[in-house]
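Please read each task before turning to its solution.

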Amino acid sequence: MLSTSWVFWTLLSAVFAALTALCAKIGVNNIDSDLATFIRTLVILGVLGMILLITGKFHETRGFNMRGCLFLLLSGLATGASWLCYFRALKLGDAARVAPLDKLSVVFVAILSVTVLGEQLSLKGWLGILFIGLGAILVSLG
């Protein structure tokens, strides 16, 4: 049975993100970063397609609406842009410095979720965001 804990899935995501950075850095060594991003995207499409096919989720259309589809489209565009930039950065820089600076996205998400979505963070939460930002910058500076 798969865990229903968001913490479990988040930590697993972090492990895979670390593997992504390491494998991508090795993978872009002798290939154009945009082509590498395309290859990665094809792999993701294939794997997700197989998962949806095996689990029968291709037909689950409940909840589809224009607003949701628009924001998923925008999310996809942002993801693509992020991946292109990330792979270009990995091609040009050290993975140990690129990946932490990329994690400034955590800071940006916190700021945007408060300002756009109306979510709230405690003082302790804001201190954590501050430390993540400072840590990402310090590690990336070497």
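**Exercise 1.** Among contacts in the chain between residues at least 6 apart in sequence, what percentage join residues at least 24 apart?

*Solution.* A contact means heavy atoms within 4.5 Å. Among the contacts between residues at least 6 apart, 68% join residues at least 24 apart.

Two notes apply to every exercise. This is a predicted model, in which local features need pLDDT of at least 70 and side-chain atom pairs count only at pLDDT 80 or more, while totals for chains, interfaces and linings use all residues. Residues are numbered from 1 along each chain as its sequence is written, and side-chain values use heavy atoms, with hydrogens and water left out.

**Exercise 2.** State how many helices and strands the chain has.

*Solution.* Helices (H or I, at least four residues) and strands (E, at least two) are DSSP runs, numbered from the N terminus. The chain has six helices and zero strands. Its pattern along the sequence is accordingly written α-α-α-α-α-α. The C-alpha trace spans about 50 × 45 × 35 Å along its principal axes.

**Exercise 3.** Determine whether Ser-113 is buried or exposed.

*Solution.* First, locate the residue: Ser-113 is found in helix α5, residues 104-115. Next, apply the cut-offs: buried means under 20% relative accessible area, exposed over 50%, and partly exposed in between (1.4 Å probe, protein chains only). Ser-113 counts as buried because its relative accessibility is 11%. Leaving aside residues up to four places away in sequence, Ser-113 touches Gly-118 and Glu-119. In the whole chain, buried residues make up 15% of the 142 residues.

**Exercise 4.** Explain why the pair formed by Phe-8 and Trp-9 is classed as it is.

*Solution.* Rings of Phe, Tyr and Trp (its six-membered ring) pair if their centres lie within 6.5 Å; planes under 30 degrees apart count as stacked, over 60 as edge-to-face and the rest as tilted. A search of the whole structure finds two aromatic pairs. The ring centres of Phe-8 and Trp-9 are 5.1 Å apart and their planes stand at 80 degrees, so this pair is edge-to-face. Phe-8 is partly exposed, at 37% relative accessible area, and Trp-9 is partly exposed, at 40%.
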